Amino acid sequence: MTTLFARNAFLPQGWTKNIRLQWDAQGDIKSIENDATVRPGEPQATYVLPGMCNLHSHAFQRAMAGMTEIAGDSKDSFWTWRDLMYRYALHITPEQIQAIAAQLYAECLRHGYTAVCEFHYLHRDPAGKMYANPAEMALCLIAAASQSGIGMTMLPVLYSYADFHAKPLRDDQRRFATSVDDILLLVQNLEASRSHQVEVGVAPHSLRAASIGQIRELQQAMPTGRPVHIHIAEQMKEVEACLAASGQRPVELLLETGLVDQRWCLVHATHLTSTEVAGIAASGAVAGICPTTEANLGDGFFDLPDYIAAGGRFGIGSDSHVSQSVVEELRWLEYGQRLRLQGRNIASNAQQKKVGDFLWQSALQGGAQASGRRLGKLASGYRADFIVLDDAHPNLAGISSSDVLNSWIFAGNDTLVRDVYVGGKQVVSNGRHCQQAQIESAYVNCMRELRKL
């Protein structure tokens, strides 16, 4: 058994003093000892929190970050960005996606994420043919997660159509093409990769790219309890196209199937009616909100206050990875609402009025649920995934533990993450990833190759 003494630990009931965490060789927490005293030579820390799950990631897009901020000849939008992304995706090799993902995951770890849900649709080779092993690209992403030390939920994406009415895929979407049978075979090939650190679910890309019939067939064929993620209602153009095709809005249409439950994560869900907001909350599904990407792509604002009032569950993701900071996602989740509503302190409720604490606890719970893994709590039976904040940083000078999360999230841009443990193994020490030099070298070489294209 391994232990850490925490002078202040963020437990499910809030900040608690003098806690001993104890975990086993598999990386699972075995006990939380209250009113503990530090033992001679025992590792200790001042502020310990559960690590965050990044519930929505397209790892290969990390390589594009900052490269699409150039105005076109016509009005730019999500859809013009998507065309550029498709062209970029056509060139990435298995070796390159592993180098890109390892860099991304190491960055995420250094900023407070300890797990990731990888929404993976780059399945085929650049010519559009399946690799000899259909799971080739997925296995490279899992290898990158292992190299960096981050926990992973792998979500192979069902992507059959270009738009509603079963419109055939475009040529620049050829690497994404999959049927239900393709995804089930891929999941089967990934079964051996499941472990304490890796879960495997599925992800119908969207109602544009997969039919309701396919989604039903896929969910029914999956093992019980596996997570299911989907992009939905991200852009008004999608909502309007769904209305034209079916007479219903995307979330309305999906909820009517009766499929959506606690296994589901509805990513973005930006454009909702009040009925849809209440429907997602009632289903027990998680809303996967990605504020920096939704801002970068001009998606819009999630209806957070009404969703909180309805008891809805939510988590955060970094999606296209224009940011790898958990703080930035949470800060802009709150700030977006303040700008939209011209008010303050939106993410709160009667039980928790501290915005930072409310955001962290809510996103922990939503991210853990979306991952299908035992995450998000410093409690017996959960993974020993936690972060240690830098108690020597000026932003934490002289404050009480109850103000730590508000100070970290809303006071400055320095990262306060000092150390990171995943499954009980330390992967970040004094702000530096244990494999940082090796991972960065491979990424730099990869980017030099890609930018020659």
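Buried means under 20% relative accessible area, exposed over 50%, and partly exposed in between, with a 1.4 Å probe and protein chains only. Strands (E, at least two residues) and helices (H or I, at least four) are DSSP runs, numbered from the N terminus. This is a predicted model: local features need pLDDT of at least 70, side-chain atom pairs count only at pLDDT 80 or more, and totals for chains, interfaces and linings use all residues. Residues are numbered from 1 along each chain as its sequence is written, and side-chain values use heavy atoms, with hydrogens and water left out.

**Pairing of β1**

- Two strands pair if DSSP finds at least two bridges between them.
- Strand β2 (residues 14-23) runs antiparallel to β1, with 9 bridges.
- A hairpin of 2 residues links β1 to β2.
- In this pairing, L4 sits opposite L21 of β2.
- Strand β4 (residues 44-50) pairs with β1 in the parallel sense, over 4 bridges.
- Here F5 faces Q44 of β4.

**Residue L4**

- L4 belongs to strand β1.
- L4 counts as buried because its relative accessibility is 4%.
- Contact means heavy atoms within 4.5 Å.
- Beyond its neighbours within four places in sequence, L4 contacts I19, R20, L21, W23, E42, P43, Q44, A45, V48 and F386.
- The C-alpha atoms of L4 and Q44 lie 5.5 Å apart, while the two residues are 40 residues apart along the chain.
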